[in-house]
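Reader: I would like a close look at the charged side chains on this model. Please take the surface charge and the ion pairs together, in short steps.

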Amino acid sequence: MADTAEVQLALSTAPSPGERFRTLPWSRQREVFFQLSHPTQADIVADLSRQQLHRFVRRLDPDEATDVLALTDERPREAILRRLDEDRRRNIEFLLEFDPESAAGIMHIDYVTVDSHSSFADVTRRVRRYEDRTDRFPTILVTENGRLIGELPGQALAMDTGDSEAITDYVQETPTAGFDDDREDVLEVFRANPESTVAVLDQEDDGETVIGVIDAEDVLRIVEEEANRTLYEFTGVVEEESVLDGALSKVRNRYKWLIVNLGTAFLAAAVVGLFEETIAAFTLLAVYMPVVAGMGGNAGTQSMAVTVRGLALEQVSLSTGGRAVLNEILAGGANGAITGVLVAAIATVFNQSPLLGLVLGTSMVLNLVIAGFFGTVIPLVLDRLEVDPATSATIFITTATDVLGFFIFLGLARAILGV
């Protein structure tokens with residue numbers, strides 16, 4: 001909503017975000033807080049007194065309260081927990097034990113377990129007690145001899161005809177995840193079961209115990225966070241940087257990446273320097289150099305994006321990537337031919353130089369083939385080396401297309417144009 005965005009902007013730019021946050025009604029605090037960036041959330045929590053933080057936390061769901069208290073130091077956290085009611089404190093302390101990046105760190109605990117031999121009336125009473133205590137309708141998980149057998153949909157309670165129907169007639173299979181599974185594992189489970197609730201299990205010596213559930217809303221939050229993280233990494237910007245950060249903060253977050261790019265730019269400049277006399281004799285080459293390099297960089301980035309996505313979905317790896325590399329090389333050659341014909345025609349018509357057109361067209365084909373090759377191989381190699389390709393592949397791909405692109409273009413110009 002527009003007003004929510006305005007509040008977020010005001011909080012992010014305020015000298016004291018906590019002071020501005022305190023003026024909001026509680027419902028707005030809850031709505032806005034979890035849409036803010038992690039650094040702004042931390043600033044707000046740091047600005048609030050223990051009393052103010054307690055007032056905010058005590059009305060949140062346990063999983064939300066856990067996220068807030070995870071931003072505090074141990075002593076104020078313990079002080080706030082002592083002031084909460086016993087049931088809420090126990091739930092939050094339980095959730096705080098887990099790694100926030102694991103399945104248990106994502107889950108919530110709005111669920112009840114019922115035995116498979118329970119009647120519909122028994123289940124209804126159990127659910128009503130939970131609703132009276134928490135004001136939330138729980139996920140209903142059914143167990144048999146302590147083992148999870150599935151979920152009883154809430155609408156099944158409305159189907160109770162008073163007969164002796166067993167609840168197991170309505171139980172649906174429930175996918176599961178281990179409490180220490182990472183986010184990627186959880187996402188894989190949801191991809192295979194997109195309409196299901198996932199039960200989080202703790203494996204023990206005497207069997208498995210349900211400790212929480214993950215639903216579509218939780219997964220959507222993960223997907224949004226991962227998408228933002230990938231976008232930041234892809235552009236060489238740290239995840240914590242906000243559009244509203246000051247200039248000095250932005251400099252600290254970006255200068256290292258730019259220095260690395262500067263080094264590769266000098267490498268490309270060194271290649272151009274090898275053909276200084278050629279460029280001086282035929283100055284039009286300088287006009288078309290950015291075209292060849294830019295097209296190669298864009299094509300390489302396209303290949304990289306497809307390959308990184310394939311790696312994320314486990315569709316490809318270095319050992320199985322031969323077909324992917326070949327396809328990208330062929331696609332690069334075809335796209336190079338299409339764009340090469342266009343740029344050759346432009347050079348021939350406007351510069352009255354068919355030979356320049358031939359140089360440009362041939363260079364375009366070769367550079368897009370190079371882009372397809374390196375745009376696929378580099379992410380695969382980095383993944384094998386356990387280096388995140390989304391973070392570091394772009395710089396290597398751009399270097400390859402710039403250096404080799406300039407070398408091919410200027411080398412062909414020297415050979416064909418005789419300059």
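**Charged side chains**

Author: Start with Glu97. Glu97 sits in the loop that joins helix H8 (86–96) to helix H9 (103–106). The model is predicted, and its side-chain atom pairs count only at pLDDT 80 or more. Glu97 is exposed, because its relative accessibility is 60% and exposed means over 50%.

Asp73, Glu74, Glu78, Glu93 and Glu97 together make a surface patch of negative charge.

Now the ion pairs. How many salt bridges does the count come to? The count is three.

Take Arg88 and Asp85. These two form a salt bridge, with 3.9 Å between the closest N and O atoms. Is Arg88 buried or exposed? Arg88 has a relative accessible area of 17%, so it is buried; the cut-off for buried is under 20%. Asp85 is partly exposed, at 45%.

Next, Glu86 and Arg90. Their closest N and O atoms are 3.8 Å apart, and the pair is a salt bridge. Both residues belong to helix H8. They are four residues apart, about one turn of the helix. Glu86 is exposed, because its relative accessible area is 54%. Arg90 has 43% relative accessibility, so it counts as partly exposed.

Then Asp122 and Arg125. Their side chains meet in a salt bridge, at 2.4 Å from N to O. Both residues lie in helix H10 (residues 120–134). The spacing here is three residues, again about one turn of the helix. Asp122 is partly exposed, with a relative accessible area of 32%. Arg125 is partly exposed too, at 45% relative accessibility.

Asp383 is part of helix H17 (residues 354–384). Its relative accessible area is 35%, so Asp383 is partly exposed. Which residue lies 66 residues from Asp383 along the chain, with the C-alpha atoms separated by 7.9 Å? That residue is Ser317.

Leu318, Val381, Leu385 and Val387 make a nonpolar surface patch of about 300 Å². Leu318 is placed in the loop between helix H15 (284–312) and helix H16 (322–351). With a relative accessible area of 34%, Leu318 is partly exposed.

Key. Residues are numbered from 1 along each chain as its sequence is written. This is a predicted model: local features need pLDDT of at least 70, side-chain atom pairs count only at pLDDT 80 or more; totals for chains, interfaces and linings use all residues. Side-chain values use heavy atoms; hydrogens and water are left out. Patches are made of residues with over 30% relative accessible area and no salt bridge: like charges are joined within 9 Å, nonpolar side chains (Val, Leu, Ile, Met, Phe, Trp, Tyr) within 5 Å. Accessible areas come from the Shrake-Rupley method with a 1.4 Å probe; for residues, only the protein chains shown count as cover. A salt bridge is a side-chain nitrogen of Lys or Arg within 4 Å of a carboxyl oxygen of Asp or Glu. Lys and Arg count as positive and Asp and Glu as negative; His and the chain ends are not counted. The place of a charge is taken as NZ of Lys, CZ of Arg, CG of Asp or CD of Glu. Helices (H or I, at least four residues) and strands (E, at least two) are DSSP runs, numbered from the N terminus. Buried means under 20% relative accessible area, exposed over 50%, partly exposed in between (1.4 Å probe, protein chains only).
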